[in-house]
Amino acid sequence: MILAIDQGTTGTTCLVFDAEAQLAGRGYREFEQHFPRPGWVEHDAAQIWDVTQAVALEALDDAGAGPGDLHAIGITNQRETVCVWDPRTGEPLHRALVWQDRRTAARCDELRDAGREPLVRTRTGLVLDPYFSATKIEWLLGNVDGLRERAEQGHACFGTIDAWLVFKLTGEHRTDVSNASRTMLYDIVGGDWDDELLALFGDIPRASLPEVLPSIGEFGTVRDGALGEGHDGVPVCGIAGDQQAALYGQGCLDPGLGKNTYGTGSFVLLNAGDEAPTAPPGLLATVAWGIADRTTYALEAAIFVTGAAVQWLRDGLGVIERASDTEALAASLDGNDGVYFVPALTGLGSPHWDPYARGTIVGLTRGSTRAHLARATLEAIALQTVDAVRAMEQASGQPLQELRADGGATVNGWLMQFQADVLGVPIAVAQIAETTALGAALLAGVGSGAWTQSDVASREGERARYEPRMGAGERSALIDDWQRAVQRARGWARG
Ligand SMILES: Nc1ncnc2c1ncn2[C@@H]1O[C@H](COP(=O)(O)OP(=O)(O)OP(=O)(O)O)[C@@H](O)[C@H]1O
Ligand SMILES: [Mg+2]
């Protein structure tokens, strides 16, 4: 059996697959989100480990995996989020700074004004934005008492969530190349931490960063009791960031194949083959995965808040009880009546990259109800995807034929139909909504020799298909109004 750990932004999912890559067991738990100030988002790394450990045991139990049954472990994770811990005690030295956190926006402006963006862009394929790990590590070094001294003495380890879990599971300080490519400290062509970037982001000590391995590699073996009884010594042999793992899990192994994952945020990735693409403005070039000495790249559009806006309706506003309530509410209206919600709750990512944008609801009247809010939220998920896909098509010169979809929000049929309508191409929804976890399992399965790459590419995986039904006039009117709403959300926060 193979255990896949998907440590997401909202919760941890663990799936256990049998030798035929069939799902044998599962577990899921949410964990706490911390918002200490406007624009700041933190997670408790110790809680993430506790929840992950508990969910992994639940999934193994569910699959009836006894001593000796577990063959390999794959890990996939929310990307860019930074953990820091003391390697001697294994205790976190600060809460994890989450990818959505905007506290370093002014620092990014300063670096941009100093003309440093071209260096960052060519070396890493990324945009100089607080989203990525580098300025978060710099912030921790500058703001946590004694952290710089510790880091210089080798008593502080930085890492993305995968590295934190690998450390807790195996005691090794290692990460994979796809996660490294999201730190803004990694040279995606040269294939190493970049000294110039380490210096630029406040002299980050190289020794405080993990060793970078290919996505299929020997990350370590489970140490004494880290996964309960009977699983000591099992190797962690596949790791990729969640979006890259989903691309792999969707079987997008050839150039030109792409997908969108509807989770906390949404991320459109297009396999770009063996050479790092030059990403046009608004898009990212990133490492998809490394397998042996071959690196595969992807073009990416990162949309920060999609499913998280649904969570906000539930937890922030309290206008729905469950995420799934949005479906009936949206369907209860014949149209949006001119109400748009731009969910820039943590700024805007692709293709706008505006860390100062904030959530904006426009078009409210006396007749507006929570149904309008629910519908506007689902529409915004789809309309942001339209913006991302159009930028991608421009970059690649290839019109999209269909969009492969996965992630938690793909269970929402109204959303998927609206997505097909506003995008104008069919949406193919994956059999396993947890394609991210599947991707991690497949990487680990290939890594441990249980499966081959061609098994991965040839998996059958479509659960449902949504064909576009909307007329061109209606579609372009919706998109025009959406774009006017986006303009109103931009540049709102003062810093
Ligand atoms: N029926 C639904 N309609 C709309 N959104 C939904 C529905 N069910 C779940 N969601 C949204 O899907 C998201 C959860 O999806 P998923 O489990 O793929 O995310 P995650 O793994 O926690 O996040 P991420 O992968 O971005 O780190 C939540 O934000 C939730 O609001
Ligand atoms: Mg996820």
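Modeller: Helices (H or I, at least four residues) and strands (E, at least two) are DSSP runs, numbered from the N terminus. By that rule, strand 16 and strand 22 pair in the parallel sense over 3 bridges. N260 has A405 in strand 22 as its bridge partner.

Colleague: Before we go on, what sort of model is it, and how are things numbered?

Modeller: This is a predicted model: local features need pLDDT of at least 70, side-chain atom pairs count only at pLDDT 80 or more, and totals for chains, interfaces and linings use all residues. Residues are numbered from 1 along each chain as its sequence is written, while chains are lettered from A and ligands numbered from 1 in the order in which they are written.

Colleague: Back to strand 16. Which strand does it pair with in the antiparallel sense?

Modeller: Strand 17 (residues 266-273), over 5 bridges. The two form a hairpin with 3 residues between them. Y262 is bridged to S266 in strand 17.

Colleague: How many residues of strand 16 are buried?

Modeller: 5 of its 5 residues, at 258-262. Buried means 20 or more other C-beta atoms within 10 Å of the residue's own; exposed means 12 or fewer, and partly exposed is in between, with C-beta atoms placed from the backbone. G258, N260 and Y262 cover one side, K259 and T261 the other, and all are buried.

Colleague: Zoom out. How many helices and strands are in the protein chain?

Modeller: 16 helices and 24 strands. The C-alpha atoms fill a box of roughly 60 × 55 × 45 Å along the principal axes. Of the 495 residues, 56% are buried.

Colleague: Now the ligand. Which residues come nearest to ligand 1?

Modeller: G8, T10, G263, G307 and G408, out of 23 residues around it. A residue counts as near if its C-beta atom, placed from the backbone, lies within 6 Å of the molecule.

Colleague: And how does that shell divide?

Modeller: Into 6 nonpolar, 15 polar and 2 charged. Ala, Val, Leu, Ile, Met, Phe, Trp, Tyr, Cys and Pro count as nonpolar, Asp, Glu, Lys and Arg as charged, and the others, Gly among them, as polar. Helix 10 (307-317) and helix 11 (325-331) each supply at least two residues. Helix 10 gives the most, with 4.

Colleague: What about the largest nonpolar core?

Modeller: That core has 168 residues. L3, A4, V16, M392, A440 and A441 have the most contacts inside it. Helix 12 gives the most to this core, with 13 residues. A nonpolar core is a set of buried Ala, Val, Leu, Ile, Met, Phe, Trp, Tyr and Cys residues joined through C-beta atoms within 7 Å.

Colleague: What is M392 in contact with?

Modeller: V268, L270, L283, L299 and A301, leaving aside neighbours within four places in sequence. Contact means C-beta atoms, placed from the backbone, within 7 Å.

Colleague: Switching to helix 13. What covers its buried residues?

Modeller: The cover includes helix 12 (370-396), strand 22 (403-406), strand 23 (427-430), strand 24 (462-466) and helix 16 (472-489). The buried residues are L415, M416, F418, Q419, A420, V422 and L423. G424 follows helix 13, with a positive phi near 80°.

Colleague: Is W353 buried or partly exposed?

Modeller: W353 is partly exposed, with 19 other C-beta atoms within 10 Å. A21 has a positive phi of about 60°, and A21 is partly exposed with 17.

Definitions and conventions
Two residues are in contact if their C-beta atoms, placed from the backbone, lie within 7 Å. Two strands pair if DSSP finds at least two bridges between them.
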